[in-house]
Amino acid sequence: MPTKINDDELLRYLEDHTYDETMEHFGISRMTIARIRKRNKIKFSPNKIKLAIVGIGNAASALIQGIEYYKARGNNIGLLHPILAGYHISDIEIVAAYDISEKKVGKDLSEAVFENELAHYIDLPKMNVVVEMGELLDGVIDQTRKIIKPASLNSVDIVNSLKKSEAEILLCLLPSGADKAVNFYVQKALDAGCAFINGTPSSIATNKTLARKFYNKGLPLIGDDLQDQFGATIVHKLILQQMIRQGIDIKESYALDVGGGAESLNTIHRSREIKREIKSETVSSSLNINTPIVAGTSDYVPHLKNGRNSMLWIVGRGFLGNEVILDIKIQSQDGPNGGSVLADVIRATKIALLQGEAGAINEISCYGFKHPPHGTETPEIALKMLADFVLGRKQ
Ligand SMILES: NC(=O)c1ccc[n+]([C@@H]2O[C@H](COP(=O)([O-])OP(=O)(O)OC[C@H]3O[C@@H](n4cnc5c(N)ncnc54)[C@H](O)[C@@H]3O)[C@@H](O)[C@H]2O)c1
């Protein structure tokens, strides 16, 4: 029989110790701590959110520059939620970082983030987090090797490094299609006791076996494939939904984009099909129509740097069969387009940890990802689910 834990004793201990230390000291899981906190009506922890990132590319650069930018300027323009469950974006503290590029490994994170196509928006103070060598596996392909040259080093012990850094969450921003590498880091997160956020299109949060493993470890699993704040996928979906509501019969449609980031080159050669499938499915799943819809990346244009130009084309038929044609172009920067959503899902994941939620968390995944375990019809429903979740209201 396990000995009964005294709530007061545990809460006093927790004031001066980390979750991991408390778990070890009392021989209990994170979930038990969360339950004790909940029954004692303890407000959310003001502690920093300790985040590790694997893949210090353009998306990571945008997030890291964003943390400093919003801290320094005190403005909220571009933030979906300046405060989420008591946390500001600047409460995210990067405690560990992994990459394989010879331009990034061994450098302080504050320098490594500028070895990408994304522009330099703000100077970063030294972060005292050195980018460590990860496990290459299928992280690069022949075509991307020209711009991502792997360092000739052995991988560090990722589990040890994660534990030493006290990371609570591992955010995965590897190139799309690097399934072996993504799965490798999923296992490391499980072994180190970290929640996992999958920004890539690899099937992780949608994989029932993995979701069960996270559930059994009392850890949240979030994904798959980050949803941009305002990109072609969401604009395309919303316009089509509205046209259908207005009685327009959709005849055909596509949303194709060109970009200059390493990820655009990678997508074209490696994961064009899977990305296209996810984007097309994301748009068509909620429409309930039988119309050819294609969405995806069509070319790599290096001089666009981290820019992305998306072309939307929709042909519909209205009264008397009259054609309505929409021909729209969206110009955006790829990394920053994911930054605000990432800031929200990282904070929501911290809440999931504090509430002792485990396994694939659909409420967070639906809000911030193109391919969650169970999708919703509209962004409003997804937002409401997230709001209920962070307030601890069960669906
Ligand atoms: N707006 C967005 O940025 C956005 C939106 C949706 C999805 N995503 C997804 O986020 C991911 C990252 O996008 P990005 O634009 O930052 O890509 P990127 O190519 O700029 O960065 C990828 C990084 O991963 C590193 N890497 C490759 N193999 C590795 C390995 N085995 N171990 C450790 N590091 C490795 C590369 O060196 C590079 O620094 C992609 O999967 C993309 O589909 C991003």
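Author: Helix α3 (residues 30-39) and α11 pack at an angle of about 85°, their axes lying 6 Å apart, which makes α3 roughly perpendicular to α11. Axes here are lines fitted to C-alpha atoms, for helices over the stretch in contact, and angles run from 0 to 180 degrees between N-to-C directions; under 35 degrees counts as roughly parallel, over 145 as roughly antiparallel, 65 to 115 as roughly perpendicular, and the rest as oblique. The helices (H or I, at least four residues) and strands (E, at least two) are DSSP runs, numbered from the N terminus.

This is a predicted model, in which local features need pLDDT of at least 70 and side-chain atom pairs count only at pLDDT 80 or more, while totals for chains, interfaces and linings use all residues. Residues are numbered from 1 along each chain as its sequence is written.

On the α3 side of the contact stand R30, A34, R37 and K38, which meet L353, L354 and Q355 of α11, a contact being counted when two C-beta atoms, placed from the backbone, lie within 7 Å. The residues of this contact divide into 3 nonpolar, 1 polar and 3 charged, where Ala, Val, Leu, Ile, Met, Phe, Trp, Tyr, Cys and Pro count as nonpolar, Asp, Glu, Lys and Arg as charged, and the others, Gly among them, as polar.

Within α3, the residues R30, I33, A34, I36 and R37 are buried, and they cover an arc of only 160° around the axis, which puts them on the same side of α3. Buried means that 20 or more other C-beta atoms lie within 10 Å of a residue's own, exposed means 12 or fewer, and partly exposed lies in between; the arc is that of the directions from the helix axis to the C-beta atoms. An α-helix has 3.6 residues a turn, so residues three or four places apart point the same way.

Helix α13 (residues 379-390) has 12 residues and reaches 17 Å from its first C-alpha to its last, close to the 16 Å expected at 1.5 Å a residue, the expected span being 1.5 Å times one less than the number of residues. Its buried residues are A382, L386, F389 and V390, and, seen down the axis of α13, they fall within an arc of 90°, so they line one face of the helix. Just after α13, G392 takes a positive phi of about 80°.

Positive phi values also occur in residues other than glycine, including L320, with phi near 60°, in the loop between β11 and β12 (323-333); L320 counts as exposed, with 5 C-beta neighbours inside 10 Å. Another such residue is K305, with phi near 50°, placed in the loop between β10 (293-300) and β11 (307-317), and K305 is partly exposed, with 16 other C-beta atoms within 10 Å.

Leaving out residues up to four places away in sequence, Y13 touches T22 and H25; Y13 and H25 are 12 residues apart in sequence and 9.1 Å apart in space, C-alpha to C-alpha.
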